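Hi everyone, thanks for coming. I have a structure to walk you through this morning, so let me put it up on the screen.

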Amino acid sequence: MSTRRLAPDQPATFAFTAENLAWAKDRIAKYPDGRQASAIVPLLWRAQEQQGGYVTEPMLRYLGDMLGLSYIRVYEIATFYTMFNLAPVGRHLIQVCTTTPCMLRGSDEILDACKKHIGPKPQTVYGEGLWSWMEVECLGACVNAPVVQIGKDFYEDLDGPATERLLDDLKAGRAPKPGPANGRFSSEPLGGATTLKEVKA
Amino acid sequence: MTKIIIDGKEYDLDPNLTLLQACEAAGKEIPRFCFHERLSIAGNCRMCLVEVRMGGRPGPKPVASCAQQLRDLPPVKEGQPLHEIVTGSPTVKKAREGVMEFLLINHPLDCPICDQGGECDLQDQAMAYGHDKLERFKENKRAVTEKNMGPLVKTIMTRCIHCTRCVRFAAEVAGVDEIGAIGRGEDMEITTYLEKAVTSELSGNIIDLCPVGALTSKPYAFNARPWELKKIESIDVMDALGANIRIDARGREVMRILPRNNDDVNEEWISDKTRFVWDGLKRQRLDRPYVRKDGKLTEADWPEAFAAIAARFATTKPERMAAIVGDLADAESIKALKDLMTALGVVNLDCRQDGAKIGLAPDGTRGPRAGYLFNSGIASVEAADALLLIGTNPRMEAPVLNARIRKAWLRGNLNIARLGPPADLNYPVCELGNNPADLIAIADGRHAAFETLKSAKHPMLIIGMGALARPDGAAVLAACAKIASATGMIGPEGEAGWNGFNLLHTAAARVAALDLGFLPGQGGRDTAGIVAGAGKGEIDTLFLLGADEIDTRALGKAFVIYLGSHGDKGAHRADIILPGAAYTEKPGTYVNIEGRVQRANRASFPPGEAKEDWTILRALSEVLGRKLPYDSLAQLREAMASDAPHVAQLDKAPGFPPADPAIWRAIGTAGPIDNAHPFVYPISDFYLTNPIARASATLAECSRSSAGRPLASAAE
């Protein structure tokens, strides 16, 4: 993980869309009186989505003003949580898990595929805004290692060729199917169930 | 009370103490970086680890002693030995060495070029609690970019150990939520939002709080080492609070100013003006007498200057002479000037440069002392539960007092309202508008604020010079005194008593001067009268004792004698300049807002031919043939004590004044209050309120940056 700092080039302003603003107000109302500032993480998350995947400096001030939180506190939160991207990302953000189980199961091959298909450097937007890739810490799906997160979906049990097919689909505008790429269902054993066979669903 | 064994000896201690405080109570030293008595507990440096043995068994793992209270320990089981805190066991020693090793992994070894060297907690504790042989880490240390925190605080963030004291100080004490820690883990960095300067008048205190050399004083950078400095305990004069300071001097030069701990006055904070004014002591100094000849000030020697004064005085009638005392004068020189002027028969005396209508009873005699003091005492602000600010902006007029008010507000039961223009005080204030005449409505019980004050247990008024330094100031003061009486603010004397009638002065010299009666005598003129008289030619000779805040251009053809330390407005207008000593250069007595008498000490000698102010007056008196009856400071102080006995009682606040109604009726003069002129705060630029501050380049820079103008150092 590299040092997380705000991107040098920043847009001038940020404001929620009407729909997101209504959502944010609803979200803020869920917190007890005097604890509205706690809504900062979901709001930052939604704002990041609206901005196209990253957090901007005007956004920090906008949310700080909205929640009565000082700017430095919002800044602290945005730089602390790695789920907040601080620089622009591609329309498809390929997050490659490289924590131990995924690494042992071959995440290096996935990285190689990303470098070959997308571009050599992580956290860099390639293909005129089409995509970018980054290494992330454990995505919590070790049972299907190695795993890649794209948008809100997990692509699991990947290897080099499977990743290349996945990236080709993305590039061609097709929507690849989330889940295991090696044919197994969910996190069942590869050759089908080995126990509890007599139990009917 | 909780029984606990600390290093083999049994103690019976308050269960609310933390383990660290318990160990300190037992006389054990616990190293720490993040823990600070006046800040919230963070528990993140892990340096204060101790071992807690429960049920006679060794502790399972070391405990951060700052973050656990005695009452958090599990109850002692029947028949089992008491819990024991061990501060010196091999486990504890090893744990501390481990923490120190972690801290030093990324701490640069630049002590030889670090300004903190010699007074660095990390340096000292590494010597005392570190490991002296381990060298396991060969990796490069992390490097952190410097952060801009404004013209006062220099940052070398590679040295930061992330104790977060500065973050907590800014958020809690200063009330400016502007410092924070961004990033996480090894990439954590302390900074301000987008590296803006901290907008606090107390920002310099983070330099003292920083246990390492990450935040140091920018003006003091690379100037001196702590061991070559002479440390003088003294009193600050930048505001009327009388903050206790330590002046560090090398030779004749004041190198820096630090706070001293005094829980009753300034706790351990001082304002930035107090801390960084020292470069003003070296600039614009009056270092020899001057006499104006043919319209030009020319250098002179003492006998020549005195002779010129004597010649002038010999031809001037006493009723055509006047004297004004400035804001920084010490009680000794005020006393000497008053005695000299009285001996000459001069009654046109005043110490209220701003024209505040205080100190005099309606009949022109001296008013009661309670009429111009901060009667509750500074520390009692914390006991107040309702506070009405009248024409005062304590953040500018006494920033450390403002921090105290904020502290009381943070505790949750202080209700603060304000009659005056809006200003950000770093705590929420209920605005009552800015109609001065509302005071009469409050006093008569026709205003909502009346009920709030009346129903409060410890109600308090703070009346600023913005409310009193105006033509109807005496009526404002009378209305305030009436509010105080009507809302039960004036309680009994003594321990259980209360008095919430408080004036907040802006001048350090004011209370002492009022105590010594440097006020217009029978038929005498006040400041406005003196200035107007000089303009009209009715006052021929005017003596200014460091008085620069009057309109010196309106003095007409009057012959002006200026005794002071700095070449400011007063000296520019003067016909004779007598070079005096600044507050760091003379032993002096100051009386703060609450009436506490404190002694300042000499840290260095005045420059050139300048002398201590009272000695100049004593020498002058001999030339004038009105020899003052004291030859030494001790004799002068004796004379002062016979004038005002309480001036001999040092470091003691007078306590709540008597509730005698006669006293409270004698404060101010009842009358109409001018509603057409709202209150205006006396201080427009916090950093430039007196001649010394105006001579300081550091404070000029602060003034520029606080006014939003670009920083000269921003490009660095």
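**Cavity, pocket and interface**

Let's start inside: strand 23 of chain B gives the largest share of the lining of the largest cavity, three residues. Strands here are DSSP runs of E with at least two residues, helices are runs of H or I with at least four, and both are numbered from the N terminus. A word on the source: this is a predicted model, where local features need pLDDT of at least 70 and side-chain atom pairs count only at pLDDT 80 or more, while totals for chains, interfaces and linings use all residues. Residues are numbered from 1 along each chain as its sequence is written, chains are lettered from A and ligands numbered from 1 in the order in which they are written, and side-chain values use heavy atoms, with hydrogens and water left out.

Back to that cavity. By cavity I mean, on a 1 Å grid over the protein atoms alone, a set of points where a 1.4 Å probe fits but cannot get out; a pocket is an open set with protein on both sides within 12 Å along at least five of seven lines, and lining residues have an atom within 4 Å of a point. Grid points are joined across faces, edges and corners, and a volume is the space filled by probe spheres set on the points. The structure has six cavities of 30 Å³ or more, and the largest holds about 190 Å³. Its lining counts 18 residues, with Leu328(B), Gly546(B), Gly564(B), Ser565(B) and Ala581(B) nearest the centre. Helix 21 (691-695) of chain B, like strand 23 (559-564), supplies at least two of the lining residues.

Now over to the largest pocket, at about 1,200 Å³. Here 45 residues form the lining, and those nearest the centre are Thr82(A), Asn85(A), Leu93(A), Gln95(A) and Met134(A). Which strand gives the largest share of this lining? That is strand 2 of chain A, with four residues.

The peptide bond from Ala145(A) to Pro146(A) is cis, with omega near -5°, and Pro146(A) sits in the loop between strand 2 and strand 3 of chain A. Glu128(A), in the loop between helix 6 (107-117) and strand 2 of chain A, has a positive phi, near 50°.

On to where the chains meet. In contact terms (heavy atoms within 4.5 Å), 16 residues of chain B touch 18 of chain A. Together the chains bury about 1,400 Å², 56% of it on carbon and sulfur atoms; that is accessible area (1.4 Å probe) lost on being put together, summed over both parts. On the chain B side, Ile182(B), Arg184(B) and Tyr193(B) lose the most area, together 49% of what that side buries.

Two salt bridges cross this interface, counting a side-chain nitrogen of Lys or Arg within 4 Å of a carboxyl oxygen of Asp or Glu. One pairs Asp177(B) with Arg73(A), with closest N and O atoms 2.2 Å apart.

Over all chains, the search finds 61 salt bridges. Among them is Asp263(B) with Arg38(B), at 2.7 Å from N to O. Asp263(B) is in the loop between strand 12 (253-259) and helix 6 (272-276) of chain B, and Arg38(B) in the loop between helix 1 (19-25) and strand 3 (49-53) of chain B, so this pair ties together parts 225 residues apart in sequence.

Conventions: Buried area = accessible area lost by both parts, 1.4 Å probe.
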